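Work through the exercises below with the sequence and coordinates at hand. Each task is followed by a stepwise solution.

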Amino acid sequence: MRAEDLKLDDIISFSDGHLSLHGRRLIIHDIQAMAQLRNDLVQTVGTGNTRRILTRFGYFWGEADAAGMDRIMEWDSTEEWLRAGPHLHRLQGLSRTDITDLEIGNSGKFRMEIEWHNSAEAEEQLIELGPSPVASCWILIGYASGYASYCMGEPIYFKELKCRGRGDELCRALGMDHDSWGEEAKSFADDMQIGEIRGKIKELTAELRKKNAELARQRRRMRKSGSFYMPDSPHLPSKAYGLVLDSASRVAGFDSLVLITGESGVGKEVIARFIHRNSPRRNKDFGTINCGALPEELLSSELFGHKAGSFTGAISDRTGLLEQTNGGTILLDEIGDISPALQLTLLRVLQEKQIRRVGENINRDVDVRIIAATNRDLERDVRDGRFRQDLFYRLRVVEINIPPLRKRPEDIIPLARFLTERIKKRLDLETLSLDPECIRYLESYFWPGNVRELENAIERAAVMSEDGRIRVEHLPPSILRVIRQAGPPVTGEMRRLEDIERRHIRRVLESCGGNRSRAARVLGIGTTTLWRKLKKWDISG
Ligand SMILES: [Zn+2]
């Protein structure tokens, strides 16, 4: 996303006395009242202290906005994220801000020049106190410094060179990194920091942020240079997903068999495609087959092909998927569901790199990389004798486990944004965006059906929404019920509280796939309490 694409509509929402910007509550101030406050402050604590107080106020504001922008949007680059600051400024009515110069150098060098054309603060100054002998846009200075420092992960200080509040035509400010300011930096730091502790905390978080930013930059670079190709997938910030990608990119270069595990809907095929697209086989075909969806006979024929007349319905000779994708990669999804006979056939295929079409006695060479996927606990299936041990070990040369979405909640928003964009294209809609309150709802749900459930929920909401704006009420009722943790609406006759409670608990339990501790967490009660209630009502989870 680019800064210029940022629309007020996307980030601000208003309902019933609650105004919020990217999910944080806002209030609108009257400029005269602000001018009065400024005047009172100057009278009480003096100009220097007022400057420090207002600069800090702006600094926090800018930091919070930068964090918010990072949380709800995926920016093309740090620069775009940075440019969104002045844009946000403008949307919030602080001033019309233009960036006239921006240089982000290596090793922390930073330089940014901005112009504020109609600074609200300068106007306050002129209204209440008259022209000032010094530059007076303290909140703006603090804001710009806080925003830029957060984005860059190091202290950036802004200074006003010209100010309308002291009679200049417009306000012009210069922002630079700590070192570039030389001697002056210390006084800025004093104005903007609150004591040593906060400084220390900031230092540590800045360090962390810098590392994260560097990682993100690296990923972007790799994706751009094509050395790390991510087909049709968003950048997901969680460490867990980063590890999945790391393993996948490492294994891509080799021809090893890979077993991808994870719950239904976590995106196992996305990772399989990722491996293929980054492997030496990338210019050959990628095939995928769901082994759980077909009866044995049909699955064999799909995989290996058949000779005409070999079984009912086999009217003509047919090549199977393994032959069709020769040279490429095949994803065998739901591998845990194949029959013992087919397990044996597959084992031979893997050992001999040859197949036989159903009803034929000729061996045919195939050269296909196999990636298997399952949501089952194959190790347990091996122990229970449902899955061949030799096949299991052969398939699981490298295992990549994709954690469920609830274990990486920080991926939910970027995913939701990505899916919204994809659904917009698929449904051929002119616009489709997520309301901030809706984003909070999505974030608070635990998505037992993972990415697939999220995608279905957004698609449903897109269809229900009439104006291309997805709001809370458009989300699937089943999800809303769980999130709101409220009993079903009482319709018609009055119900006993216990009935409502029982129905609600049953529903939550169902949506948690019977997992009691998770259900208890959603319900906000202890597991023992839940267990007692279930026992009383004779509900089994
Ligand atoms: Zn000014």
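**Exercise 1.** Determine the handedness and the class of the crossing between helices α16 and α18, then list the residues that form the contact.

Solution. The crossing of α16 and α18 is right-handed. The contact draws on L415, A416, L419, T420 and I423 from α16, and on V451, L454, E455, I458, E459 and A462 from α18. Sorted by type, the residues of this contact are 8 nonpolar, 1 polar and 2 charged. For the class, take the geometry of the predicted model: the axes of α16 (residues 412-426) and α18 (residues 450-464) come within 10 Å and cross at roughly 50 degrees. Therefore α16 is oblique to α18.

**Exercise 2.** Which residues touch the most other members of the largest nonpolar core? Follow one of them to its contacts.

Solution. The core holds 114 residues, and C137 and A416 touch the most other members. Helix α5 (residues 138-152) supplies the largest share of this core, 11 residues. Next, take A416, which also belongs to the contact of α16 with α18. Leaving out residues up to four places away in sequence, A416 touches L434, I439, L442, L454 and I458. Among these, L454 and I458 are on the α18 side of the helix contact. As background, nonpolar side chains tend to be buried together in soluble globular proteins.

**Exercise 3.** Locate D428 and N450 and decide for each: buried or exposed?

Solution. Start with the backbone. Phi of D428 is near 60 degrees, a positive value in a residue other than glycine. N450 likewise has a positive phi of about 60 degrees and is not a glycine. For reference, most residues other than glycine have a negative phi.

Then place them. D428 lies in the loop between α16 and β17 (433-434), whereas N450 is in helix α18.

Finally, count neighbours. The cut-off for buried is 20 or more other C-beta atoms within 10 Å, and for exposed 12 or fewer. D428 has 6 other C-beta atoms within 10 Å, so D428 is exposed. N450 has 22 C-beta neighbours inside 10 Å and therefore counts as buried.

**Exercise 4.** Which residues of helix α11 are buried, and what covers them?

Solution. In α11 (residues 296-304), the buried residues are L299, S300, S301, L303 and F304. Their cover includes the strands β9 (286-290), β10 (305-306), β11 (318-319) and β13 (354-355). The helices α12 (321-324) and α13 (340-352) are also included in the cover. To finish, check the residue just after α11: G305 takes a positive phi of about 85 degrees.

Key
Residues are numbered from 1 along each chain as its sequence is written. This is a predicted model: local features need pLDDT of at least 70, side-chain atom pairs count only at pLDDT 80 or more; totals for chains, interfaces and linings use all residues. Axes are lines fitted to C-alpha atoms, for helices over the stretch in contact, and angles run from 0 to 180 degrees between N-to-C directions. Helices (H or I, at least four residues) and strands (E, at least two) are DSSP runs, numbered from the N terminus. Angles under 35 degrees count as roughly parallel, over 145 as roughly antiparallel, 65 to 115 as roughly perpendicular and the rest as oblique. A crossing is left-handed if the near helix is turned anticlockwise from the far one by less than a right angle, and right-handed if clockwise. Two residues are in contact if their C-beta atoms, placed from the backbone, lie within 7 Å. Ala, Val, Leu, Ile, Met, Phe, Trp, Tyr, Cys and Pro count as nonpolar, Asp, Glu, Lys and Arg as charged, and the others, Gly among them, as polar. A nonpolar core is a set of buried Ala, Val, Leu, Ile, Met, Phe, Trp, Tyr and Cys residues joined through C-beta atoms within 7 Å.
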